[in-house]
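Hi everyone, thanks for coming. Let me put the structure up and walk you through a few parts of it.

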Amino acid sequence: MIKRGHVLLIILVLIFLAIIAVQKNKQQEPGKVSAQGRLVDGFPELPVLPNSTVEKSYKKEDGVRIGYEADYLINTPPREAMIWYKLEFQKLGWLIYNEQIEGIESEFAFTAKKGDQIVNVFAESEDGKTEISLEIPLQQKL
Amino acid sequence: MSTNIFININRLFTTLFFSMSMLFFIIPNVQAQVSTDPNFKVAFIGDAGNGNNATAVLNLIKNEGAQAVLHQGDFDYSYNATAFWGKIDSVLGANFPYFVSVGNHDNTSWAEGCGDPDGCYAKFQKDRLARIGVVPDNPDLNDQLYSAVYKGLKMIFVGLQGNSIGTSTYAPYIQSQLQTDNHTWKICSWHKNQGTMQVGSKTDEMGWAVYEACRQQGAIIATAHEHTYERTKTLTNIQSLTVDTAQHPLVGGIPGNPNSVLVAPGKTFVFVSGLGGNGPRNQDRCLPTSYPYGGGSGCNYIWANIWTTDQGGSSPFGALFITFNVGGNPNRATGYFKSIAGQVVDQFEIIKSSTPVTISPTQPISPTSIFISPTPGGLTPTRTRTPTPPNSTVLPTQNVTPGQVCTYFKN
């Protein structure tokens, strides 16, 4: 037989869990969906350096615009990784600009543009590995 | 009668003497404040790189008439001090006042005797200081700590090891430099951030002691590292993200008056100016991407203005300009961030005072300001000349959508 005290305890636990859930939701960035170890749903098809692993990714929306970011890890040195990405994007018809690869020693970057789509690509050493970031700033939804 | 006159005069002088003596004991530390030269304009940048965008930012600085630059680290990303300082000489001049704090992409070629055949950044900085007649507090810059005064602006530069020696070394250094300093305007300069002091993906890399030391002494905090631009409102506690609600009264729960900030012992504002030319980033936190930005945990509506690739397109590069001692008021400064495309994306007023100041009509800050309506992709914007109307103040844009930027003016 359930005593009144047990019922009270259950109610208190439920209230506690509800408070935690509300707090967690509050801390989420509005309009942002994140994923660990995989690409978020809807992440655009973009070149991916073979043998790299997805560290994390996210999608963010502000109503009419949508943006994405994905971070990958790989052992390939950052300069080599950036040259690979530059060539792959160019093969697919993207225009490359804001390039910081040649003559750079440590943190590499370029912007790729195709039609109205823009992708910013970054690579730098991070804790002995190379971290590659593909950032798609908020742009009109296609 | 003459005796009475003599007695009264004697009493008068005695009273005056004791009154002044009391003042001496009551207010022992009153010093005359030394402001900057009138209308002294300084540019703040970081994270430049060695490409065309970095050159464009330097040309912007030159064209805006800045009289000095504070570069908060990450110079050319090539560890080529000769080329980096050579570009400064070429665009701005060999004797242009250019002051730097060291970035993580400069570190191994910073110290004199660094062994880099392309030179060491600190040596070039020291030589430039000597050429322009600025004497640092300590001629040895190898510890990445130094301070200097130029045209009445007190500048304190600290290094990269905030997490390890920020509390034990950097903060006490800042304290010692500022607690008896009598300059009206003071700048604390360093490269890295704390996670909540930027809107990208950077983590805690400086510790809070340096931020709080500068705030306690009423110094503006200049940083970079995250390749974006953002500026806070007036903060009375930086670690806890506490906005001064006397200066920024709550409107619907959101601290208002974002474009009028105070600097005084115990309160200041922080900015990240990291769009000097290399790899611009987006806004990861404190969403949404339009004012009033985020108010949740870690954000608390502290941000007055944010400018990243989400707001400014693929080339949002530019510089923050602050002009000190404006309009004949040594305690007033004005700031604006301008992009290399000519967009003025932030305009604000700074008052050196602990008394709340309500936003007031201001004279146009830059008569050459041009507002550009960004097109999707941001590559070929159209140009519309829209100067700030006289006796008006730029209000924060409520919602920035591609294709049009609306600026609201208050008269």
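Let's begin where two helices of chain B meet: Gly162(B), Gly166(B), Thr167(B), Tyr170(B), Ala171(B), Ile174(B) and Gln175(B) in H5(B) touch Ala209(B), Val210(B), Ala213(B) and Cys214(B) in H6(B). Contact here means C-beta atoms, placed from the backbone, within 7 Å, and helices are DSSP runs (H or I, at least four residues), numbered from the N terminus, with strands being E runs of at least two. The residues of this contact comprise seven nonpolar, four polar and no charged. Nonpolar covers Ala, Val, Leu, Ile, Met, Phe, Trp, Tyr, Cys and Pro; charged covers Asp, Glu, Lys and Arg; the others, Gly among them, are polar.

A quick word on the model. It is predicted, so local features need pLDDT of at least 70 and side-chain atom pairs pLDDT 80 or more, while totals for chains, interfaces and linings use all residues. Residues are numbered from 1 along each chain as its sequence is written, and chains are lettered from A and ligands numbered from 1 in the order in which they are written.

Zooming out, chain B has seven helices and 22 strands. Of its 411 residues, 52% are buried, that is, with 20 or more other C-beta atoms, placed from the backbone, within 10 Å of their own.

And how many residues of chain B are in contact with chain A? The count is 29, and they meet 32 residues of chain A. That side of chain B has eight nonpolar, 18 polar and three charged residues.

Key: A residue is buried if 20 or more other C-beta atoms lie within 10 Å of its own, exposed if 12 or fewer, and partly exposed in between; C-beta atoms are placed from the backbone.
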